[in-house]
Amino acid sequence: MKTETTKTTRRALLRAGFAGGAAALATGTAAGARAADDPAITEIQDWNRYPGKGVDATPYGSPSSFEAHVIRKNVPWLTSDPISSVNFTPLHEIDGIITPSGLCFERHHGGIAEIDPNAHRLMVHGMVDKPLVFTMADLKRFPRENRVYFLECAANSGMEWRGAQLNGCQYTHGMVHCVMYTGVPLKTILNEAGVKPEGKWLLAEGADASAMTRSIPLEKALDDCMVAFGMNGEALRPEQGYPVRLVVPGWEGNMWIKWLRRLEIGDQPWQQREETSKYTDLLANGKARRFTFLMDVKSVITNPSPQAPIRHGKGPLVLTGVAWSGNGRIKRVDVSVDGGRNWHTARIDGPSLPKALHRFYYEFDWDGSELFLQSRAIDEAGFVQPTKDQLRSVRGTNSIYHNNGIQTWHVTEEGRIENVEIS
């Protein structure tokens, strides 16, 4: 039987623990020294004092109001009209490899099509044994798959071809995202129609006002492409192609036709607008590379970066970024803090999935000196991310597409960061 003098109450333990912990902190660290007079610790806050909203306050959940700054942003002067424009994923504000659905960049050529799924149809025709038309209900009766892939616009980093331009990785690299798609393998649908032996190409067409149309080699269509109606566990968002879109893993985003309405099989490419006058790479000699589908190995440091300066001063620093490749998995990412003179192997953390974003980290103690931050990715096929000068020596500076050159951020002694170029 315990006496009153030996009995320990929960409240007494808490008091003793807090006092002991505060004393240890106060003598051990600067942060601890501030704890004794920090109102965030010593005073009860409103959220401790008053009950909050109930379970039905937001039937569809949304981020905290304190995260209201984490949004997509556009650059108004890039295009003459927002219905044929782009906004950018805030890469510097997110972590991991999955992009939240509401932060995935948008690229439209005729605005967002608002489509009633009950009135939408997908037609398969051309060089097939049996032309078919599918409703959304029909598509959802096929066996489905879930796959994580990155999607990158071919024009991502396009403004940087001739030198440092836009000050922030949201603007230099923010036309990329990575989500989990749910849908039906494209080959399942094509097999249902029966592709004739002479069929070599697929034409995919969208139902938006621009009638976005691209030619895709049948070999790719039968490999890993999907007809997707889900994204991150829910239906596609309207700006991402609701109710159904094409997924073309590892290849340029313009081919991932949104609001998919038609698939035609043919024996040659169709030479559509977006594969002749657009989405070709003009070289220095005046000739253009065409059908440059693959998105090459690439990476960028997302934090610290111009929109995410170093605010805490000297000491431990977590550097992080993303890497990706249309060839498959990322094998290694190197990081330099001195503009490429010396390289250190970064730590890749999280799932390593083919044709998906990879998250890397490099932790070090910053002494407050000037830094020139770079990252260099290497994929499982052995391709190494080039410097910008290496890229320009082959491609010139006329293109706006497929720029996967190494990005440099200059960090000042005060922690401010600018987009610069060390080629």
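Modeller: Buried means under 20% relative accessible area, exposed means over 50%, and partly exposed lies in between, with a 1.4 Å probe and protein chains only. Take Cys178: at 0% relative accessibility, it counts as buried.

Biologist: Before we go on, what kind of model is this?

Modeller: It's a predicted model, where local features need pLDDT of at least 70 and side-chain atom pairs count only at pLDDT 80 or more, while totals for chains, interfaces and linings use all residues. Residues are numbered from 1 along each chain as its sequence is written, and side-chain values use heavy atoms, with hydrogens and water left out.

Biologist: Back to cysteines, then. How many disulfides are there?

Modeller: A disulfide is a pair of cysteine sulfur atoms within 2.5 Å. By this rule the count is zero. Cys153 is in no disulfide, and its nearest cysteine sulfur, that of Cys104, is 14 Å away. For Cys178, the closest cysteine sulfur is in Cys104 at 8.9 Å, which is too far for a bond.

Biologist: And is Cys153 buried or exposed?

Modeller: Cys153 is buried, with a relative accessible area of 4%.

Biologist: How do I read a sheet?

Modeller: Strands of a sheet pair through backbone hydrogen bonds, either parallel or antiparallel. Strands (E, at least two residues) and helices (H or I, at least four) are DSSP runs, numbered from the N terminus, and two strands pair if DSSP finds at least two bridges between them. Here, five strands form an open sheet with mixed pairing, in the order β5-β4-β13-β8-β9. At its edges are β5 (132–135) and β9 (213–217), each pairing on one side only. From one strand to the next, the twist averages 15°; such angles run from 0 to 180 degrees between N-to-C directions, along axes fitted to C-alpha atoms (for helices, over the stretch in contact).

Biologist: Which residue in β9 is the bridge partner of Ala204?

Modeller: That's Arg214. Strand β8 (residues 201–206) pairs with β9 in the antiparallel sense, over five bridges. Now look for helix α7 (residues 186–193): it lies across β4 (121–126), β5, β8 and β13 (260–266), and runs at about 135° to β5.

Biologist: What is the strand order in the open sheet of three strands?

Modeller: β1-β2-β3, with antiparallel pairing. β1 (73–74) and β3 (106–107) each have a single partner strand, so one side of each lacks a neighbour in the sheet. Between β2 (residues 86–88) and β3 there are two bridges, and Val86 stands opposite Arg107.

Biologist: How about the faces of a helix?

Modeller: An α-helix has 3.6 residues a turn, so residues three or four places apart point the same way. In α9 (residues 388–395), the buried ones are Lys388, Leu391, Arg392 and Arg395. They fall within an arc of 95° seen down the axis, so they line one face of the helix; the arc is taken from the directions from helix axis to C-beta atoms. On the other side, Ser393 and Val394 are exposed. The cover over the buried residues includes β14 (281–282) and β15 (288–289). After α9 comes Gly396, with a positive phi near 75°.

Biologist: Where is Ser375?

Modeller: Ser375 is in strand β22 (residues 371–379), and at 2% relative accessibility it counts as buried. Contact means heavy atoms within 4.5 Å. Beyond its neighbours within four places in sequence, Ser375 has contacts including Val300, Trp343, Phe360 and Gln407.
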